2 protein chains.
Amino acid sequence: MPGKIATIEVITAILGENDRVAAHNREHFDQHGVLALNLMSSPGAGKTALLEATIRALDGRFKLAVVEGDLATENDAARIRACGVPAVQITTGNACHLDAQMVHDALHDLPLAGLDVLFIENVGNLVCPASFDLGQHRNITLLSVPEGDDKPAKYPVMFRAADLLLITKTDLLPYLTEFSVARAHEALRQIGYGGATIELTNRGGDGFAAWLAWLEREVAAQRARVPR
Amino acid sequence: MPGKIATIEVITAILGENDRVAAHNREHFDQHGVLALNLMSSPGAGKTALLEATIRALDGRFKLAVVEGDLATENDAARIRACGVPAVQITTGNACHLDAQMVHDALHDLPLAGLDVLFIENVGNLVCPASFDLGQHRNITLLSVPEGDDKPAKYPVMFRAADLLLITKTDLLPYLTEFSVARAHEALRQIGYGGATIELTNRGGDGFAAWLAWLEREVAAQRARVPR
């Protein structure tokens, strides 16, 4: 089927070019000692809400910036700016994920000098974003309780790509008794996920403290790797 | 940028071939007087749970079958079969949506003779499935309350593609007071959505009855269009 081979060749070329730009982005982050974190999840799993709560909790301890990816609207960037943190909105139109070039272009509007952490909030999509390196140092995947504990089994590519998995909206566990944290862990084990998992709600508690501690360790590790 | 032009040409060719196979599928459905419905939503919005509840509520009134789309596992097809309805599972691997050829191939394992309704449950993804015609007669998009009332504004392509929008998991409204049904309707109006909207929970009530009534009208309309 020559049509299919041509398609695969074009996709391979796109991914190769993306990897080249992603490596360039990563060098750029490292030059400035910035830790770049790529947040991925289904739509509505709570990526923006997590960022809002994290900004409030850190209370200026780190210098942060956010790149927001959505098909349409500036809504999420506006929410971040309302927390006092600079944000650039990428609107992708029909595109189902961010790519390295979009992030590269966004950086023109976002000075990296002096930043500690750049959060990149990807398009809400549990499939496509996992296949595109943006130059980030770590992937953080969110699984919200209302989505169900079977999602790691059904979307293995995304969950295998994670360096940290956050099970969000745990305050809904009393109302969504069909969600079992144990079954979610078992599904992650079965697909071979070997990273850390934290269960949390944005309202605080041990899980949220563990998330902040993870973030602090990663910032410290980036500072040790790339002294400014 | 010749690379970009080549990519666009390949994508146009893929969509053209997909439309050809989709038209073939639709002819096939019409020959057998089968109403084909394409269910789309984010992961975990409740597509399979809606089908389970619908099968139970119809209690054999219509002859149903289901095509299930997931990256991995036979879980959803197994859930449908446990309700006594034939189901074929398509596992897409890395692919983020069903296409017409996948549905065509699945029909080899699913006799259409005597069927009233074929449900096609697409891969959980609020972006890509909207761009691929499968040969269905109607698109049904689910928006679950935990995802938030801003999703129509942020994923306009998917919501504009819908013939019917179901706002699901309304039993969670008392716990998710940040979701406003009025704001969801306003967001739909602003992107130009002109179809019907039903708010429902699978536990019954007026919304679920309205969904069953919509389904009965569509089956009757298909029978009137294509007498068997």
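Student: Why is Ala23(B) called partly exposed?
Tutor: Its relative accessible area is 34%. Buried means under 20% relative accessible area, exposed over 50%, and partly exposed in between, with a 1.4 Å probe and protein chains only. Ala23(B), at 34%, therefore counts as partly exposed. As background, this is a predicted model in which local features need pLDDT of at least 70 and side-chain atom pairs count only at pLDDT 80 or more, while totals for chains, interfaces and linings use all residues. Residues are numbered from 1 along each chain as its sequence is written, chains are lettered from A and ligands numbered from 1 in the order in which they are written, and side-chain values use heavy atoms, leaving out hydrogens and water.

Student: Where is Ala23(B) found?
Tutor: In helix α1 (residues 2-31) of chain B. Helices (H or I, at least four residues) and strands (E, at least two) are DSSP runs, numbered from the N terminus. Between Ala23(B) and Gly207(B) there are 184 residues in sequence and 32 Å in space, C-alpha to C-alpha.

Student: Which residues of helix α7 (residues 181-190) of chain A are buried?
Tutor: They are Ala184(A), Ala187(A) and Leu188(A). These residues cover an arc of only 100 degrees around the axis, which puts them on the same side of α7(A). The arc is that of the directions from the helix axis to the C-beta atoms. An α-helix has 3.6 residues a turn, so residues three or four places apart point the same way.

Student: What does the face of α7(A) turned away from its buried side carry?
Tutor: That face has the exposed residues Ala182(A), Arg189(A) and Gln190(A). The cover over the buried residues of α7(A) includes α5 (151-154), α6 (156-160), β6 (164-168) and β7 (196-199) of chain A. After α7(A) comes Gly192(A), with a positive phi near 85 degrees.

Student: How do you know that Leu172(B) is buried?
Tutor: Its relative accessibility is 2%, and the limit for buried is under 20%. Leu172(B) sits in the loop between β6 (164-168) and α7 (181-190) of chain B. Leaving aside neighbours within four places in sequence, its contacts (heavy atoms within 4.5 Å) are Tyr175(A), Leu176(A), Val145(B) and Pro146(B).

Student: What makes Phe62(B) buried?
Tutor: Phe62(B) has 11% relative accessibility, so it counts as buried. Its place is the loop between α2 and β2 of chain B. Beyond its neighbours within four places in sequence, Phe62(B) is in contact with Asp116(B), Glu216(B), Val219(B) and Arg223(B).

Student: What is the phi of Lys169(B)?
Tutor: Lys169(B) has a positive phi of about 60 degrees although it is not a glycine. Lys169(B) lies in the loop between β6 and α7 of chain B and is buried at 18%. Thr73(B), also not a glycine, has a positive phi near 80 degrees. Thr73(B) belongs to the loop between β2 and α3 of chain B and is partly exposed at 22%.

Student: Which residues lie nearest the centre of the second largest pocket?
Tutor: Of its 37 lining residues, those are Glu178(A), Gly46(B), Ala49(B), Arg79(B) and Lys169(B). On a 1 Å grid over the protein atoms alone, a pocket is an open set of points with protein on both sides within 12 Å along at least five of seven lines, and lining residues have an atom within 4 Å of a point. α2(B) gives the most to this lining, with five residues.

How values were computed: 1 Å grid on protein atoms, 1.4 Å probe; cavity = no way out; pocket = protein on both sides within 12 Å on 5 of 7 lines; lining within 4 Å.
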